[in-house]
Amino acid sequence: MSSPSSSSPVGPLYKHQASLPKLPVPSLDETLARYVRSVRPLLSDADFDKTVAAVEDFKRPGGPGETLQQRLIARDQATDKSWLIDWWNDYAYMAYRDPVVINVNYFFAFKDDKLRKNPAARAASLITGALAFRKLVVSEQLEPETARGGPLCSHQYRYLFNSTRIPEIPSDVTRNADPAKHNHVVVLRNNQFYTIETLHPNGTQLSNAGAPGIQKVYDAAGTTKDVPVGLLTTENRDVWTNVRKELLAVSPKNRASLDAIETAAFAVCLDDTRPVTHNETSRACWHGDGRNRFFDKSLQFIVFENGKAGFNGEHSMMDATPTHRCCEFILEGLAKGSIDLGSAEVSSALPAPKKLAFDLTPSLVESIDKAGKQFDAVVAKHDLRVVVFEGYGKNLIKKLQISPDAYAQMAIQLAYYKLYGVCKPTYESAQTRKYGYGRTETCRTVSTETVAWVKAMEDPTLSLKTKGELGRQAVASQTSYMAAAVDGRGVDRHLLGLRLLIKPDEPKPALFADPAYSMSCHWNLSTSQITSEYYDGYGWGEVVPDGYGIAYQVKENALHFNLVSLFLKNDHLQTYFHEALHEMRAVFEATIPAPKPKLEPSLVPQPAASASSTAAAASASASACTSAMSTAVSSPAFPRQALARQYPSPPQPAFLSISPSSLATLAEAEPACPPWRSSAPHDSGHSRSTSSASSASTATSASTPCSVPSTASISSGHPQSFSTKRHGMSVATAWADPSLTSNAAAACGPSSAGGRREFIRHTPTTPTTPSIPTPSVAANAAAWNVGHVLKVLADSQRLDKAVLNDADKAQPDTADLRAVDSFSLLFM
């Protein structure tokens with residue numbers, strides 16, 4: 001089968017492809033440590049001990065983990081793409097033999113278009129918008145997506161248009177037709193297939209004036225339904241492979257018709273049903289009656305008799321983000337009038353819609369009939385319910401200072417716990433397209449923190465504050481795992497890669513034979529978010545028989561959850577979602593963090609302070625610093641254990657045993673300009689000081705613009721300014737020096753020419769009245785400095801940045817973590 005072109009880019013869409021980093025191979029220790037943490041809340045103590053033993057055996061020197069890791073590294077080095085992509089596309093999709101509908105494909109249900117309630121007009125407008133987006137993709141003029149300012153991989157866009165999944169044994173393949181040669185769309189009505197050319201004879205693109213062409217399909221199809229050849233795409237992939245060969249062998253007419261379908265830019269399904277409710281519309285977009293569809297097409301737009309519309313996507317080579325972007329482009333463009341609907345005139349030379357004919361033998365008709373019965377039976381086993389919660393949405397959640405995605409994940413956990421009284425493995429899709437050929441990684445939502453929180457929420461003896469504080473810890477756990485997963489450092493893809501490298505004649509390592517491994521990958525809750533104000537629905541099926549498929553949207557003022565299962569009390573779970581969302585608001589409103597101090601206050605000279613007021617301010621500032629620092633360093637997010645894993649045996653660096661209070665003192669004297677202070681430059685590396693009495697009366701001008709007085713110096717009643725000296729001592733040496741806990745040591749701001757961080761010892765100079773920060777500013781300063789010191793430790797001790805992130809704390813660019821607690825200020 002043909003594959004999409006990968007020639008040199010002619011526009012911006014693929015301009016970053018060659019420079020994108022490769023998907024990393026995480027370190028074995030990091031992945032196994034994260035794996036152990038992820039299974040802990042799912043296991044009894046006895047089972048957990050067995051899992052730990054299996055992990056230890058796997059990672060021992062010379063053990064199976066080390067061997068498999070070296071094989072994976074070799075595989076990564078042997079490709080210029082991704083070590084995972086070919087495996088993943090085949091393992092997760094192309095080699096999957098169950099029907100794509102229900103099990104693989106997903107849907108979007110569009111909001112109504114009040115201007116186009118006529119189905120022909122609605123279909124024509126969607127076609128016009130899709131063709132406009134296609135033109136940008138084919139010409140490569142579409143701008144690549146970005147995240148946190150960095151480009152995302154655009155490779156999946158090569159499979160967006162003129163693309164079809166083709167059944168083959170043992171694995172399916174993708175057929176990509178040349179978009180320059182194939183500019184038609186295929187339109188389905190009453191199980192009949194029609195092609196409509198999208199280019200006028202003069203080369204101009206079909207506009208919204210194509211509505212008469214769509215109407216001609218309605219008229220030509222009439223009310224008679226043909227034998228539904230499209231039903232064959234609902235079959236088991238091996239069955240469909242054999243039937244397709246039979247279909248092609250019957251006649252050239254069949255080959256030509258299938259060719260026209262498979263090479264079409266996309267499909268448009270004109271259904272004769274009139275869904276009204278969220279549940280009805282979602283089911284109609286997800287599977288419909290299975291007859292008026294061709295589920296192997298990458299894009300199917302669906303228009304109903306009452307003007308409602310939606311989308312069905314084939315998932316094998318694309319995730320939902322490119323198709324979501326396409327649909328949003330269309331819907332937003334139509335709503336805002338930015339899509340050119342073209343002239344109202346219809347070219348008389350434009351070919352009429354052409355019906356595709358099939359020669360069907362009795363054997364083929366029997367296969368189609370069998371496929372229909374099986375499809376109907378599968379659909380009947382499924383229950384779909386849409387939770388539409390309009391009490392609040394993203395706007396309020398942000399005011400609660402919580403990541404909207406994490407909030408929705410907590411709602412899923414709490415609703416499930418209310419129904420079953422237990423927490424089960426949860427899959428959340430994390431996008432890894434910051435890397436070339438990146439697709440997804442698993443975010444394992446369940447943690448010891450989430451389990452503690454849902455149990456607390458059901459405990460009537462606990463206060464709202466306690467529940468809220470536990471909830472924020474659960475949110476922090478989910479958000480930090482998501483940050484690692486997006487960075488390509490989750491558990492599941494790495495372990496999959498290692499497992500696939502076990503040779504047939506090799507024994508299965510204890511890690512993979514351990515029941516905890518398969519149990520933790522049994523996704524009772526399969527979840528993902530795609531949000532659009534233009535969607536009324538989004539979803540897919542469950543991935544295990546005893547589980548749920550839960551797609552969700554966090555809108556500005558509402559939350560939607562699409563619940564799919566094999567009739568596992570969806571109606572009860574729907575009720576518990578509403579209950580959970582109301583309760584969550586109460587507990588999180590009770591624990592909204594105090595307003596953050598302004599990070600860049602103006603340094604207006606203040607009147608001279610009396611000795612007593614200065615001492616009081618100093619005492620308050622010192623107390624705030626010490627409290628904030630102790631809280632931060634004692635936080636579960638502080639990477640003490642992660643750092644200990646980096647140095648598992650003596651001699652360990654001194655910082656592994658340093659007390660929170662000592663670290664607080666150490667970090668407070670950071671000389672580099674932190675964000676809450678003036679950005680005034682250092683004076684040749686030294687602070688400005690003065691010995692004149694008049695200078696002492698203008699406190700703010702006399703103190704170092706980029707220093708916070710140490711706790712020890714303030715509380716001892718000896719205000720001082722600081723001068724700075726660079727020393728080449730190592731972190732371990734500096735922290736082992738007891739004197740540094742009184743006069744303080746911290747990392748210098750800029751790196752030296754050799755890229756090595758050095759420490760600065762602060763020494764007293766001429767006493768002067770310092771600029772004592774307020775308690776809130778002091779707390780902010782203290783937290784910021786811990787972050788800077790940790791970054792220095794990462795460089796000085798040659799710690800991989802990933803090790804620090806492994807300790808369940810955010811990456812510097814993860815904005816959603818900013819409001820978790822005071823510790824998140826480290827990375828603002």
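This section describes the fold, confidence and selected local features of a predicted model.

The model is predicted: local features were considered at pLDDT of at least 70, side-chain atom pairs only at pLDDT 80 or more, and totals for chains, interfaces and linings over all residues. Residues are numbered from 1 along each chain as its sequence is written, and side-chain values use heavy atoms, with hydrogens and water left out.

The secondary structure of the protein comprises 30 helices and 21 strands; helices (H or I, at least four residues) and strands (E, at least two) are DSSP runs numbered from the N terminus. Of the 828 residues, 55% count as buried, where buried means under 20% relative accessible area, exposed over 50% and partly exposed in between (1.4 Å probe, protein chains only). Contacts (heavy atoms within 4.5 Å) with a separation of 6 or more are made in 77% of cases by residues 24 or more positions apart.

The mean pLDDT, the predictor's confidence in each residue from 0 to 100, is 79 for the protein. A value of 70 or more is reached by 69% of the residues. Where pLDDT is low, the predicted coordinates should not be read in detail.

Helix packing is illustrated by H14 (residues 404–420) and H20 (residues 570–589), whose axes come within 8 Å and cross at roughly 125°. Axes are lines fitted to C-alpha atoms, for helices over the stretch in contact, and angles run from 0 to 180 degrees between N-to-C directions. H14 is therefore oblique to H20, given that angles under 35 degrees count as roughly parallel, over 145 as roughly antiparallel, 65 to 115 as roughly perpendicular and the rest as oblique. The crossing of H14 and H20 is right-handed; a crossing is right-handed if the near helix is turned clockwise from the far one by less than a right angle, and left-handed if anticlockwise. On the H14 side, the contact is made by Tyr-407, Met-410, Ala-411, Ile-412, Leu-414, Ala-415, Tyr-416, Lys-418 and Leu-419. H20 contributes residues including His-572, Leu-573, Tyr-576, Phe-577, Glu-579, Arg-585 and Phe-588. By class, the contact of H14 with H20 has 15 nonpolar, 1 polar and 4 charged residues, with Ala, Val, Leu, Ile, Met, Phe, Trp, Tyr, Cys and Pro counted as nonpolar, Asp, Glu, Lys and Arg as charged, and the others, Gly among them, as polar.

In helix H4 (residues 85–94), the buried residues are Ile-85, Trp-87, Trp-88, Asn-89, Tyr-93 and Met-94. Their cover includes helices H3 (64–77) and H17 (492–500), together with strands E4 (163–166), E5 (173–176) and E14 (440–444). The loop between E4 and E5 holds Pro-170, and the peptide bond from Ile-169 to Pro-170 is cis, with omega near 10°.

Two arginines are buried. Arg-244, in helix H8 (residues 237–250), has a relative accessible area of 11% and is buried. Beyond its neighbours within four places in sequence, Arg-244 is in contact with Ile-166, Pro-167, Leu-258 and Glu-262. The C-alpha atoms of Arg-244 and Leu-232, 12 residues apart in sequence, are 8.3 Å apart in space. Arg-489 is placed in the loop between helix H16 (464–486) and H17 and counts as buried at 5% relative accessibility. Arg-489 and Val-25 are 464 residues apart in sequence, yet their C-alpha atoms are 7.9 Å apart.

Arg-148, with phi of about 55°, is found in the loop between strand E2 (146–147) and strand E3 (150–151); Arg-148 is exposed, with a relative accessible area of 54%. Tyr-437, with phi of about 60°, lies in the loop between strand E13 (426–431) and E14 and is partly exposed at a relative accessible area of 25%. Glu-280, in helix H10 (residues 278–286), likewise counts as partly exposed, at 42% relative accessibility. A separation of 9.3 Å is found between the C-alpha atoms of Glu-280 and Arg-385, which are 105 residues apart along the chain.
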